[in-house]
Amino acid sequence: MATVSRAQEPSAARGRRRLNAQFRELPRFLLLCLLAVIFLAPIYWMLSTSFKPESDTVARPVQWIPARPTLQNYQEIFASPNARFVRWTWNSLFTAGVFSLVTVLLSVVTAYPLARMRFPGRNAWFWFILSSMMIPGVIFLIPHYLMMIRFNWIDTYHALIWPGVPGVFGIFLMRQFFLSIPRELEEAARLDGANSWQILWRIHAPFLIAPMATLALFNFMASWNNYVWPLFVVHGEMQTLPVAITSFSSRYWTSYGKLMAGAAIASVPILIAFLFAQRYFIRGMSLTGLKDD
Amino acid sequence: MTRRRPSRFGARALTPYLYLLPHAILFLIFIVYPVGFGLYVSLHRWNILADEQVFVGLQFYQRIFTPGTPQFQFFWKTMLNTLLFVAVSVPLLIVCALGLALLLQKPIFGRNVFRTIFFLPTILAVSVMGILWKWLFENRTGLVNILLEALPFAKALPFLTTVGWAWVPIIVGTVWWTVGFNMILYSAALNNIPKSYYEAAELDGAGSWNQFRFITWPMLSPVTLFAAVTTTIGSFQLFGQSQVITAGGPLRTTQSVMMYITEEAFTNFQFSSAAAMSFTFGLLLLIVTAFQFRLMIRDLGRGNA
């Protein structure tokens, strides 16, 4: 009803109303701006500090913009014999990449029969592995560590990759997507003599590209940001970047310029990746929660 | 289909199991076995260097529940610290997330930019977030204290080394770091509330508070429940923030139970004692994770329908 009467208004009145409405939104807009500044301030302060010579980091009055901008902090931490930023970055990239690739492929291959085939024990196995999601992660810490010792996997990439691979969240997710694919295509392909492996990659996979990409991204991030586990199973040059910057930081306790340079190196790649693929990031994040259907 | 021979049919019956096999092997090695192995470790006095491990029964569990032992003292102290963190951070992470989502509910200039900015911190590693907030709250030179000194009615506080105040950087940092995640959940749910509900309420003369009270809030209750449960699980596992910002200090007042368990294992090399604590703490967490599991199953039922 309201829309009908509004449509009948003269256009000048409508314009005024719209302008009014925009003015009423002004406080909300300003509040959002203030919050945005507060949210960005820590990241800005990190970057700003990292470009200051050490003496300026604690200068009063506060230098919001570096008065004498310098790359000195970055040069020094790259040159430091104990800091192996290139190696640490590679460790993180490699283990997160392999972890993400392996988990996505394993999730697809495992979810496939659980969603698409009939066989004895299917539901029992599905519920069995699914119920493992209830086990709190802390339970695994000590046994996994002792297993790594026994496998001789301390300070290896294996320790960073394999223990997390059989997690069932990805299987659960992929199974849900498999269930939504229409059966007709699959049946037609089967009549043409395609076997289950061909059906999986030719018929189903095209439907699964988006969820696979999202899951891959999500697992990559989870591995990249992992903290507790890599802190204890890998040391020295085998460390992952986010863990390494804290151990490296203990050497530079008070020189915040270098600390912030280290933090920036560890976060800028992922910040840039986020800005390019934020839709997938956000979707990946909400995938861990509930699907809003 | 007549050309299908019995032998091939037999092979086909195996097909689904072959798909399941790779995951099943890893699942047994890294999920099923460690639960049993962890329990076994907690019932022995584990020595990495020894060939034979001494069975001690429930001794390490008893220590956790016997007043006077260091394990009792520190386990429950850090458990209380963790509970305090959960009790403060979870409501904050729910209320702030809902507030941000509501601010962005109606279209506004730059809405997507704001949403991106609020979400941005969640992608940082916990160590980066920790270093950042330690620097911001640094006793003399931190930005927060510099700003406090500039205010007429406030003065600088040695946050990082004062009992009680040391929680402030940890909690503020955590809210900044993870609120975007719950905000996204709320935003998605707000989108799903039919506009007609609000239009009808407006016709009935309901103000914005009543619209929130009687439409928005009840419609959001499944998300609130979900966010509360997942945030609680996350907050219970507090580790990196305390480790990096305060190192558990001062006087262990910000040490979390996860930190204490890792200290017992990797500093004191008391793996059995740490395993016993993991199971004790894990059993407590199981109450929350089982709840989360039920919520997920409900979702699963909907997906099947």
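**Entry 1: a charged pair in chain A**

I started with A:E237, which counts as partly exposed at 34% relative accessibility. My scale, using a 1.4 Å probe and protein chains only, is this: buried means under 20% relative accessible area, exposed means over 50%, and partly exposed lies in between. I noted that this is a predicted model, where local features need pLDDT of at least 70 and side-chain atom pairs count only at pLDDT 80 or more, while totals for chains, interfaces and linings use all residues; side-chain values use heavy atoms, leaving out hydrogens and water. Residues are numbered from 1 along each chain as its sequence is written, and chains are lettered from A and ligands numbered from 1 in the order in which they are written.

Which side chain does A:E237 meet in a salt bridge? I found A:R87, at 3.2 Å from N to O. A:E237 sits in the loop between helix 13 (228–233) and helix 14 of chain A, while A:R87 belongs to helix 6 (residues 85–116), so the pair ties together parts that are 150 residues apart in sequence. For a salt bridge I need a side-chain nitrogen of Lys or Arg within 4 Å of a carboxyl oxygen of Asp or Glu. Helices here are DSSP runs of H or I with at least four residues, strands are runs of E with at least two, and the numbering goes from the N terminus. A:R87 is partly exposed too, with a relative accessible area of 28%.

I looked next at A:E186 and A:R116, whose closest N and O atoms are 3.3 Å apart in a salt bridge. This pair links distant parts of the chain, with A:E186 in helix 11 (residues 183–191) and A:R116 in helix 6 of chain A, 70 residues apart. Are these two buried or exposed? Both A:E186 and A:R116 are buried. I also saw one network, in which salt bridges that share partners join A:E54, A:E76 and A:K258.

A:E25 and A:R28 form another salt bridge, at 2.9 Å from N to O. Here A:E25 is partly exposed at 25%, and A:R28 is buried at 13%. Over all chains, my search gave nine salt bridges.

**Entry 2: where the chains meet**

How many salt bridges cross the interface of chain A and chain B? The rule finds zero. It does find 15 residue pairs in polar contact there, both residues at pLDDT 80 or more. (A polar contact is a pair of N or O atoms within 3.5 Å; within protein, one must be able to donate a hydrogen and the other to accept it, and residues adjacent in sequence count only if both atoms are side-chain atoms.) On the side of chain A that touches chain B, helix 3 (residues 26–50) gives the largest share, 15 residues.

Contact, meaning heavy atoms within 4.5 Å, involves 104 residues from chain A and 93 residues from chain B. Between them the chains bury about 9100 Å², 80% of it on carbon and sulfur atoms. (That area is the accessible area, with a 1.4 Å probe, that two parts lose on being put together, summed over both.)

**Entry 3: the nonpolar core**

I define a nonpolar core as a set of buried Ala, Val, Leu, Ile, Met, Phe, Trp, Tyr and Cys residues joined through side-chain atoms within 4.5 Å. The largest has 148 residues, of which A:F85, B:F118, B:W176 and B:F281 touch the most other members. Leaving aside neighbours within four places in sequence, B:F118 contacts residues of both chains, including A:L32, A:F39, B:L100 and B:M183. A second, separate core of 37 residues includes A:A111 and B:F293.

**Entry 4: a loop and a helix in chain B**

Most residues other than glycine have a negative phi, and most peptide bonds are trans. B:G249 and B:P250 are joined by a cis peptide bond, with omega about -10 degrees.

What about helix 11 (residues 257–267) of chain B? Nine of its eleven residues are buried, so this helix is largely enclosed by the rest of the structure.
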